[in-house]
Amino acid sequence: MASSIGSSLVALGPSWLDPPTLIADLGPWALLGVALILFAECGLLIGFFLPGDSLLFISGLAATTGLIETPLWLVCVVLVVAAFAGNVVGYGIGYQAGPAIFDKPNSTLFKRENVERTQKFFDKYGNRAIVLGRFVPIVRTFSTVMAGVGRMDAKRFFTFSALGAILWAAGVTLLGAVLGQFTFVKDNIELMLILVVVISLVPIAIEAIQARREKKLGAEDG
């Protein structure tokens, strides 16, 4: 099963990042490995390139075929916990490292104006921004640390990060488990993974359109 899925992944990055390859190579440690990868992507800046969405999708499929020998419900629980734990650590890193980063005038990643812009984004779109950000690659990595740097209210951030972790980690995993039962999906895994990434960008696209409309209306009213 792993080889047939892996053979269809031809343009999604290095072979060692292919979710089927990762899961197959990890063998009995597959669930632990996937959990650690999600933890890194959700909380450590070095994990921004990791294939979170596609890895969740394939994990759901693997849990229904026996490639991951763990009940699907437990796979979902473990991955949700890993995603949320990553947020906790990422927020802590940002919170603790913020002052030191600000003291570096040449820091291009954590310029104060970027932090303030991020804070305004969260303030403007409210709690939904925390949840929606979970579904966007790269954003889910950097927004967590930036929330800590910007001193966002921890209770608020963790509450909605937990909700986002459930919707994202469990949701995409279950999606893979359900759709993976169809032959068309199994035979077109590459297409499915691309669709997962595209769909993950839809919420932010909607928010961007709404923001543009609000800006236009504001300009007309002014």
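User: Which residues is A35 in contact with, leaving aside its neighbours within four places in sequence?

Analyst: Contact means heavy atoms within 4.5 Å. Setting aside neighbours within four places in sequence, A35 touches V78, L79 and A82. Keep in mind that this is a predicted model, where local features need pLDDT of at least 70, side-chain atom pairs count only at pLDDT 80 or more, and totals for chains, interfaces and linings use all residues. Residues are numbered from 1 along each chain as its sequence is written, and side-chain values use heavy atoms, with hydrogens and water left out.

User: Is A35 buried or exposed?

Analyst: Buried means under 20% relative accessible area, exposed over 50%, and partly exposed in between, using a 1.4 Å probe and protein chains only. A35 has 9% relative accessibility, so it counts as buried. A35 sits in helix α3, and its C-alpha atom is 10.0 Å from that of L55, 20 residues apart along the chain.

User: What about A30, buried or exposed?

Analyst: A30 is also part of helix α3. Its relative accessible area is 1%, so A30 is buried. The C-alpha atoms of A30 and I68 are separated by 6.4 Å, though the two are 38 residues apart along the chain.

User: How many residues of α3 are buried?

Analyst: Helices (H or I, at least four residues) and strands (E, at least two) are DSSP runs, numbered from the N terminus. In α3, eleven of the 14 residues are buried, so the helix is largely enclosed by the rest of the structure. Among them are L31, G33, V34, I37 and C42.

User: What span does α3 reach from its first C-alpha to its last?

Analyst: The expected span of a helix is 1.5 Å times one less than its number of residues. With 14 residues, α3 reaches 20 Å, close to the 20 Å expected.

User: At what angle do α3 and α4 pack?

Analyst: Axes are lines fitted to C-alpha atoms, for helices over the stretch in contact, and angles run from 0 to 180 degrees between N-to-C directions. Angles under 35 degrees count as roughly parallel, over 145 as roughly antiparallel, 65 to 115 as roughly perpendicular and the rest as oblique. Helix α3 (residues 30–43) and helix α4 (residues 52–65) pack at about 155°, with axes 10 Å apart. They are therefore roughly antiparallel to each other. The contact involves V34, I37, L38 and E41 of α3, along with G52, L55, L56 and S59 of α4.

User: Why do residues three or four places apart point the same way?

Analyst: An α-helix has 3.6 residues a turn, so residues at that spacing point the same way. Look at V34, I37, L38 and E41 on the α3 side of that contact.

User: And at what angle do α2 and α3 pack?

Analyst: Helix α2 (residues 19–26) packs with α3 at about 130°, with axes 8 Å apart. That pair is therefore oblique. L22, I23 and L26 of α2 meet A30, G33, V34 and I37 of α3.

User: Finally, how many helices are there in the chain?

Analyst: The chain has eleven helices and zero strands. Of its 222 residues, 45% count as buried.
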